[in-house]
Amino acid sequence: MENKERKIQIIILIVGLLIGFGAGFLVFSKSGELEELIDQAEQNSRQIDLKQTEMPTLSTWQVAVADQGPGDSVYIETATLPAPGWIAIYDDLTGQPGSNLGARFFDTGEYEGVTVSLLANTVAPGTYYAILHEDDGKIVETSFGRHPFDHTLDPVVTDSAGEVLAEPFEVIIIGARGI
């Protein structure tokens, strides 16, 4: 009987070793594939992180202003600034931008439905211009704040032909015969 039990123990030992080596072979032979899958998942994760942190790039300066009534501010329909800058409002001087009536600073971005406060009111009828200026980046303490607009230091934005980006608009009479 002892012999028979001994044989069963040896057979169980051999079967156990075969199962163990077989399982080990399967696990370790696929470890290269597993490592590849882990590396690929990490790369995808990094790519997703990069996509979430990338800021969209704005390539062109733009401003749109509709005709409007007179007042102490100008309504800007839309504006795109690819860098910090100013939207300045000028009156008309014989068909060209004349005196600056007011300006407002904007960080890089796209804007919709913003206003520019003026130091002098617009009057109807009249032509005015919204002109984009790059910011010179200087912070100066003044009675107007820490970041004043200076048309002599904050250069106007020009197109590829060197033309000033000026958006003309009309200030119109509002009333029974106006709008």
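This is a predicted model: local features need pLDDT of at least 70, side-chain atom pairs count only at pLDDT 80 or more; totals for chains, interfaces and linings use all residues.

- S2 and S5 run antiparallel and are joined by 9 bridges.
- Ala 79 has Tyr 111 in S5 as its bridge partner.
- S3 and S6 also pair in the antiparallel sense, over 7 bridges.
- Ala 88 stands opposite Ile 131, a residue of S6.
- Between S6 and S7 the pairing is antiparallel too, over 6 bridges.
- Ala 130 stands opposite Glu 167, a residue of S7.

**Overall make-up**

- The protein has 2 helices and 7 strands.
- Along the sequence these follow the pattern α-α-β-β-β-β-β-β-β.
- The protein has 179 residues, of which 21% count as buried.
- Strand S6 is mostly covered, as 7 of its 9 residues are buried.
- Among contacts in the protein with a separation of 6 or more, 60% are between residues 24 or more positions apart.

**Nonpolar cores**

- The largest nonpolar core consists of 20 residues, and those with the most contacts inside it are Val 63, Ile 76, Ile 87, Ile 89 and Phe 169.
- At least two residues of this core come from each of the strands S2 (71-81), S3 (85-93), S4 (96-106), S5 (109-122), S6 (126-134) and S7 (166-171).
- S2 gives the most to this core, supplying 4 residues.
- Apart from this core lies another one, of 6 residues, including Ala 88, Tyr 90, Ile 131 and Phe 149.
- What does Ile 89 contact, leaving aside its neighbours within four places in sequence? Ile 89 is in contact with Val 74, Ile 76, Ser 99, Asn 100, Leu 101, Gly 102, Val 116, Leu 118, Tyr 129, Ala 130 and Phe 169.

**His 133**

- His 133 is part of strand S6.
- Is His 133 buried or exposed? The relative accessible area of His 133 is 1%, and the cut-off for buried is under 20%, so His 133 counts as buried.
- A polar contact of 2.9 Å joins the side chain of His 133 to the side chain of Tyr 90.
- With neighbours within four places in sequence left aside, the residues in contact with His 133 are Trp 61, Gly 85, Trp 86, Ala 88, Tyr 90, Phe 149, His 151, Asp 154, Pro 155, Val 156 and Val 157.

**Leu 165**

- Leu 165 is found in the loop between S6 and S7.
- The relative accessibility of Leu 165 is 25%, whereas buried requires under 20% and exposed over 50%, so Leu 165 counts as partly exposed.
- Leu 165 and Gln 62 stand 103 residues apart in sequence, while their C-alpha to C-alpha distance is 7.9 Å.
- Not counting residues up to four places away in sequence, Leu 165 touches Trp 61, Ala 130, Ile 131, Leu 132, Val 157, Thr 158 and Asp 159.

**Aromatic rings**

- A pair of aromatic rings is described by the distance of the centres and the angle of the planes.
- There are 4 aromatic pairs in the structure.
- One of them is the tilted pair of Trp 86 and Phe 149, with 5.3 Å from centre to centre and 55° between the planes.
- This pair links distant parts of the chain, with Trp 86 in strand S3 and Phe 149 in the loop between S6 and S7, 63 residues apart.
- Trp 86 and Phe 149 are both buried.
- Trp 86, Phe 105 and Phe 149 are linked into a cluster by ring pairs.

Terms used:
Residues are numbered from 1 along each chain as its sequence is written. Side-chain values use heavy atoms; hydrogens and water are left out. A nonpolar core is a set of buried Ala, Val, Leu, Ile, Met, Phe, Trp, Tyr and Cys residues joined through side-chain atoms within 4.5 Å. Buried means under 20% relative accessible area, exposed over 50%, partly exposed in between (1.4 Å probe, protein chains only). Contact means heavy atoms within 4.5 Å. A polar contact is a pair of N or O atoms within 3.5 Å; within protein, one must be able to donate a hydrogen and the other to accept it, and residues adjacent in sequence count only if both atoms are side-chain atoms. Two strands pair if DSSP finds at least two bridges between them. Rings of Phe, Tyr and Trp (its six-membered ring) pair if their centres lie within 6.5 Å; planes under 30 degrees apart count as stacked, over 60 as edge-to-face and the rest as tilted.
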